[in-house]
Amino acid sequence: MRVRKAVALGAALTLTALVSACSSNSSSSSGSSTLNWWTWDDKQAAAYKVCATDFEKANPGVTVKISQYGVTDYFTKLTAGFVAGKAPDAFQNSVQFFPQYADQHQLLSLDDYIKKDKFDLSRFSVGVDSWKYTDGHQYGLPLDWAATGLYYNTDMLTKAGYTTKDVQNLNWNPDNGGTIGKMIAHLTVDSKGRRGDQPGFDKANIKTYGFGQLAAKDFLGQTTWSSFVSTTGWRLGNKANWPTQLNYDDPRLVKTMDWIRTLVTKGYAPKIGTFTNTVSDVDLLSSGKVAMETGGSWTASTFAKIPDIKVGIAPTVLGPDNKTRAVFSNSNGNTIWAGTKNPDLAWKWVSYMGSEACQTKASATGTFFPSIPASMDASAKALKAQGVDLSVFTDMLKNKELYPSPDFRNGAALQDAIEPLIEGYFGGQKNDSVFADMQSKTKSILTQK
């Protein structure tokens, strides 16, 4: 799945009609001691139950009810809960909807609690500033973090004559694709077994694409094109946070997109629509339809457990200088509803979820990356014992190769406006002039309130 299930990186979702069914508020007038916490991530819902059990033992009479809703319904249910006064006490939040909820005064400022408890925000490795709003208040605590890696079928790589070492330090440039460009061509195989760099190669009849779906509608490029263009120094916004425009018309991005489009026209990578939206990255790699692809860190344990196929994980590419690696990262947050009838208990739960004790236990499943470094190390150690090596991602963190997704307004509107233009570009209906159009649209959308 290209869009992070935990709403990567600010990955966009569109609010549809309000859904009337919501869970009831935690603390009713009868003095209920049930605390409601919501998430869209089924894996984190299961993982944090161990924390809920410990929290209940430490707080007799309190029940923590964890509810998980599919990502397509989650934010409509939250909005319905705000309107009806029945939202959960606390909930996992996406940076995309953070500005909207803050503007609507639906989030409780955490500043007084942080000060009172002397809660040290420096315990988190990433994401603290993502949950500080333009009014200067802190509205959330980092809950997790994510990055992008290169996943590859080790058997296909070996048959093509490559070693694990070859894929660990691939470089890239938008002119000729660098070493990864050559590898992608050689990994591509047509229906008669000819490789993309061999005579007679038939680009119209592909058995295995050398690379996955880089030509995607993803308007943030989190797990697609961002790990390439970011090595040139390009960044999504004209400001680190709260940008007034997105830099789509930057020549570095335009050249990157042009290179990606040549992969499609040469038959080395699939065009948009080649595979249905229900086919995941894991499905594509395990079926042999692609040899290598970029994917989110949250899929690492799933890739590693594909039956009868060994999947390797490599870092994203080095840039044109053969030195720079830059990886777009984001952190989902834990926020408290301003309308909760028990804010003190909600803070107690949220702050406990932001403790090393809780995050270490919850992240032992390896299904998400905790935001506290010591917990991340413990999670990586637990997963390594199960045969899942996360060192590619922990090295990115330690080597400071990650850079945060910017907070910005009106993410759903941006998605609606930009994705059709990207699709038109990769579909051949639009030329490079589309990037100026995209940038112009962001100027008006980002400044709307």
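Contact, as used here, means heavy atoms within 4.5 Å. By that criterion, and leaving aside residues up to four places away in sequence, Phe393 touches Trp145, Ala147, Thr148, Gly149, Tyr151, Ser297, Ala300, Ile313 and Phe369. The model is predicted, and local features need pLDDT of at least 70, while side-chain atom pairs count only at pLDDT 80 or more and totals for chains, interfaces and linings use all residues. Residues are numbered from 1 along each chain as its sequence is written, and side-chain values use heavy atoms, with hydrogens and water left out.

Phe393 also belongs to the largest nonpolar core, which has 82 residues and in which Trp145, Ile180, Tyr248, Met292, Leu390 and Phe393 touch the most other members. A nonpolar core is here a set of buried Ala, Val, Leu, Ile, Met, Phe, Trp, Tyr and Cys residues joined through side-chain atoms within 4.5 Å, where buried means under 20% relative accessible area, exposed over 50%, and partly exposed in between (1.4 Å probe, protein chains only). Helix α10, residues 251-265, gives this core its largest share, 7 residues; helices (H or I, at least four residues) and strands (E, at least two) are DSSP runs numbered from the N terminus.

Turning to the rings, a search of the whole structure finds 37 aromatic pairs. Rings of Phe, Tyr and Trp (its six-membered ring) pair if their centres lie within 6.5 Å, and planes under 30 degrees apart count as stacked, over 60 as edge-to-face and the rest as tilted. Phe82 and Tyr101 form an edge-to-face pair, because their ring centres are 5.1 Å apart and their planes stand at 80°. Since Phe82 lies in helix α3 (residues 71-84) and Tyr101 in helix α4 (residues 98-103), this pair ties together parts that are 19 residues apart in sequence.

Arg123 lies over the face of Phe119, at 3.9 Å from the ring centre, and the charged end of Arg235 sits over the ring of Tyr403, 3.9 Å from its centre.

Side chains of opposite charge can pair when their charged atoms come close. The search of the whole structure finds 7 salt bridges, each a side-chain nitrogen of Lys or Arg within 4 Å of a carboxyl oxygen of Asp or Glu. In one of them, Lys361 meets Asp54 at 2.9 Å, N to O; because Lys361 lies in helix α14 (residues 356-362) and Asp54 in helix α2 (residues 49-58), the pair ties together parts that are 307 residues apart in sequence. Lys361 counts as partly exposed at 46% relative accessibility, and Asp54 counts as partly exposed at 22%. Another salt bridge joins Asp103 to Arg409, with the closest N and O atoms 2.4 Å apart. Asp103 lies in helix α4 and Arg409 in the loop between β12 (402-404) and α17 (411-426), 306 residues apart. Asp103, at 35% relative accessibility, counts as partly exposed, whereas Arg409, at 12%, counts as buried.

How values were computed:
A charge sits over a ring if NZ of Lys or CZ of Arg is within 6 Å of the ring centre and within 35 degrees of the ring normal.
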